[in-house]
Amino acid sequence: MGGEGKVYTLAEVSQHNHAKDCWLVIEGKVYNVTKFLEDHPGGDDVLLSSTGKDATDDFEDVGHSSSARAMMDEFYVGTIDTSTVPTKKKYTPPKQPHYDQDKASEFVVKLLQFLVPLLILGLAFCVRFYTKAPASS
């Protein structure tokens with residue numbers, strides 16, 4: 001491995017967050033990927049957006065090849081002090097208003113109370129109109 005194995009805090013690694021000095025934390029290890037920015041197949045923006053945090057999930061989500069993983073050795077500079085990395089938060093969905101099923105059924109009842117009499121009135125009008133005998137001259 002290329003580095004001497006120094007232990008870094010996340011605050012120290014986070015200072016290396018631009019195109020002229022870019023460090024990443026992946027699987028507990030710290031990598032100086034500055035020289036690789038131009039050659040990265042996904043572009044330098046992908047790497048730069050992963051600075052200042054544990055980029056393990058970002059790295060794993062892409063599905064890197066074994067040769068890409070082997071290349072990482074030359075960029076290794078040390079390990080991360082895991083006590084300085086915030087723990088992952090469990091996803092909690094945003095609060096949504098409670099759906100009251102009783103109110104929905106009230107709406108249906110009110111709608112039917114309005115539509116059924118109209119339907120009966122329309123049906124009565126049609127029956128009267130069509131059963132009316134034609135006027136004789």
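Contact here means heavy atoms within 4.5 Å. On that basis, residues 24 or more positions apart account for 69% of the contacts in the protein chain with a separation of 6 or more. The structure is a predicted model, in which local features need pLDDT of at least 70 and side-chain atom pairs count only at pLDDT 80 or more, while totals for chains, interfaces and linings use all residues. Residues are numbered from 1 along each chain as its sequence is written, and side-chain values use heavy atoms, with hydrogens and water left out.

As for the overall layout, the protein chain has five helices and five strands, taken as DSSP runs numbered from the N terminus (helices: H or I, at least four residues; strands: E, at least two). Read from the N terminus on, the order is β-α-β-β-β-α-α-α-β-α. Of the 137 residues, 20% count as buried, where buried means under 20% relative accessible area, exposed over 50%, and partly exposed in between (1.4 Å probe, protein chains only).

Next come the pockets. Rolling a probe the size of a water molecule over the atoms shows where empty space is left. A pocket is an open set of points on a 1 Å grid over the protein atoms alone, where a 1.4 Å probe fits, with protein on both sides within 12 Å along at least five of seven lines; lining residues have an atom within 4 Å of a point. Grid points are joined across faces, edges and corners, and a volume is the space filled by probe spheres set on the points.

The largest pocket comes out at about 400 Å³. It is lined by 20 residues, of which F36, H40, L47, F59 and H64 are the closest to its centre. Two or more lining residues come from each of β3 (21–26), α2 (44–48), α3 (56–62) and α4 (66–71), and α3 has the largest share, with three. By class, the lining splits into 15 nonpolar residues, four polar and one charged (nonpolar: Ala, Val, Leu, Ile, Met, Phe, Trp, Tyr, Cys and Pro; charged: Asp, Glu, Lys and Arg; polar: the others, Gly among them).

The second largest pocket has a volume of about 230 Å³. Among its lining residues are L10, G52, K53, D54, V85 and K88. Here, too, α3 gives the most, three residues. The class make-up of this lining is four nonpolar, three polar and five charged residues.

T51 sits in the loop between α2 and α3 and, at 15% relative accessibility, counts as buried. Its side chain reaches the backbone oxygen of L48 at 2.9 Å. Beyond its neighbours within four places in sequence, T51 is in contact with H16, N17, C22, W23 and L24. N17 lies in strand β2 (residues 17–18) and is partly exposed at 41%. Though N17 and T51 are 34 residues apart along the chain, their C-alpha atoms are separated by 5.5 Å. N17 also touches L48, again not counting residues up to four places away.

Most residues other than glycine have a negative phi. E27 is not a glycine, yet has a positive phi of about 50 degrees. E27 falls in the loop between β3 and β4 (29–32) and is partly exposed, with 49% relative accessibility.

Finally, the unreviewed UniProt entry annotates residues 111–131 as "transmembrane region"; such annotations, given in the numbering used here with shortened feature names, may be inferred rather than shown by experiment. Over residues 111–131 the model is 100% helix and 0% strand, with the end C-alpha atoms 30 Å apart.

Note on methods: Polar contact = N/O pair within 3.5 Å; in protein donor to acceptor, adjacent residues only side chain to side chain.
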